[in-house]
Amino acid sequence: MILYQTDNSGGITNNDIRIYSDFSYVIHFHRDIELVYVEEGTLKLNIESKEYNLNGGQMAIILSNMIHSYESIGHTRVIVHVFSQDNVPLFAKLIYGKTTVCPVFDCDENVRNFYTEYCIKKEKRSPLALKAALYAVCSDFYEKSEFVSSKKEGSELIHKMLGYISERYTEEISLVNMAQELGYEPHYLSRVFSMNVKINIRKYINLYRIDNAKERLINTRDSIALIALESGFQSIRNFNRVFLAYTGTTPADYRKNTLEQN
């Protein structure tokens, strides 16, 4: 699994387009809009505690600040395009203060082909063609979707907690310290997190750290000891133990096997 940054909001007219095989990613959110196109296989999308299956040929659009995660069901090939709202200002204006009832849609074949031609296949992407392709997809999505008023109050605390973890996962994270900084009781934070994310905070932190470590094991030549420490683990022994428990393999074997497959 190749990962992308948790917060893809890199500035003005941001476009981050990546292609993944067997794509999975832990629960996260970002300010930008996210377009997901499943070319092959089936991808499970969990968004705001609701689950959807995207089959080959389907797309989904995740709007700004919506909590979501992914899990491949078998082999998948997935395009993930995270883009800032200034690429599609009219679309952003139309959806302001709204959320979609269902993020999954069957994109028109001509629109889908136009998008892949100018956003994926072209070695040098024209900024105008890229925006045109995004507008075409967003227009098709808008016409086929039902929208309701967005209610952010219930997820505001979860956003704060996820943001806290993403900023401090390389450090020792204490529920007590998090509660003090956010202004809540530790037991309340723990209960709210478990209710909304469906796993406890400690497990989520470990998953977040492991996913960061996986990316570096595949994409860098950094030593396993350095990756362990810079992913938030206090020792390589603890890193090996947690990595094995969550993935069923050791970091060394994961790096070796993944690189051999690619």
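Q: Where is Gln58 found, and why is Gln58 called buried?
A: In this predicted model, Gln58 sits in the loop between strand S4 (50–55) and S5. Its relative accessibility is 15%; buried means under 20%, so Gln58 counts as buried.

Q: Which residues is Gln58 in contact with, leaving aside its neighbours within four places in sequence?
A: With those neighbours left aside, Gln58 is in contact with Val36, Tyr37, Val38, Asn53, Val104, Phe105 and Asp106.

Q: What makes Leu54 a buried residue?
A: Leu54, which lies in strand S4, has a relative accessible area of 1%. The cut-off is under 20%, and Leu54 is therefore buried. Beyond its neighbours within four places in sequence, Leu54 is in contact with Val36, Val38, Gly41, Thr42, Leu43, Leu45, Met59, Ala60 and Val104.

Q: Why is Asp22 called partly exposed?
A: The relative accessibility of Asp22 is 36%. Buried requires under 20% and exposed over 50%, with partly exposed in between; Asp22 therefore counts as partly exposed. Asp22 lies in the loop between S1 and strand S2 (25–28).

Q: How do you know that the buried residues of H2 line one face of the helix?
A: In helix H2 (residues 109–121), the buried residues are Val111, Arg112, Tyr115, Thr116, Cys119 and Ile120. Viewed down the axis of H2, these buried residues fall within an arc of 130°, so they line one face of the helix. Asn110 and Lys121, on the other side of H2, are exposed.

Q: What covers the buried residues of H2?
A: The cover includes strand S1 (15–21), strand S3 (33–47), strand S5 (59–62), strand S6 (68–83) and helix H3 (127–144).

Q: What reaches the backbone nitrogen of Asn110 at the start of H2?
A: A side-chain oxygen of Asp108 comes to within 3.0 Å of that nitrogen. The cut-off for a polar contact is 3.5 Å.

Q: Which residues have the most contacts inside the largest nonpolar core?
A: Within this core of 66 residues, they are Ile61, Tyr115, Met161 and Phe193. S3 gives the most to the core, with eight residues. Apart from it lies another core, of 11 residues, including Ile210, Leu217, Ile227 and Tyr254.

Q: Why are H5 and H6 called roughly perpendicular?
A: Helix H5 (residues 175–182) and helix H6 (residues 186–197) pack at an angle of about 95°, with axes 8 Å apart. Roughly perpendicular covers 65 to 115 degrees, and H5 and H6 are therefore roughly perpendicular to each other. Leu175, Val176, Met178, Ala179 and Leu182 in H5 meet Pro186, Leu189 and Ser190 in H6.

Q: What makes H7 roughly perpendicular to H9?
A: Helix H7 (residues 201–219) and helix H9 (residues 236–247) pack at about 95°, their axes 10 Å apart. As the range is 65 to 115 degrees, H7 is roughly perpendicular to H9. Residues making the contact include Lys203, Asn206 and Leu207 of H7 and Phe239, Val242 and Phe243 of H9.

Terms used:
Residues numbered from 1 in each chain as written. Predicted model: local features only at pLDDT ≥ 70, side-chain atom pairs only at ≥ 80, totals over all residues. Heavy atoms only, no water. Buried < 20%, exposed > 50% of the residue type's maximum accessible area, 1.4 Å probe, protein only. Helix = DSSP H or I, 4+ residues; strand = E, 2+ residues; numbered from the N terminus. Arc of directions from axis to C-beta. Contact = heavy atoms within 4.5 Å. Polar contact = N/O pair within 3.5 Å; in protein donor to acceptor, adjacent residues only side chain to side chain. Core = buried A, V, L, I, M, F, W, Y, C linked by side-chain atoms within 4.5 Å. Axes fitted to C-alpha atoms, helices over the stretch in contact; angles between N-to-C directions. Parallel < 35°, antiparallel > 145°, perpendicular 65-115°, else oblique.
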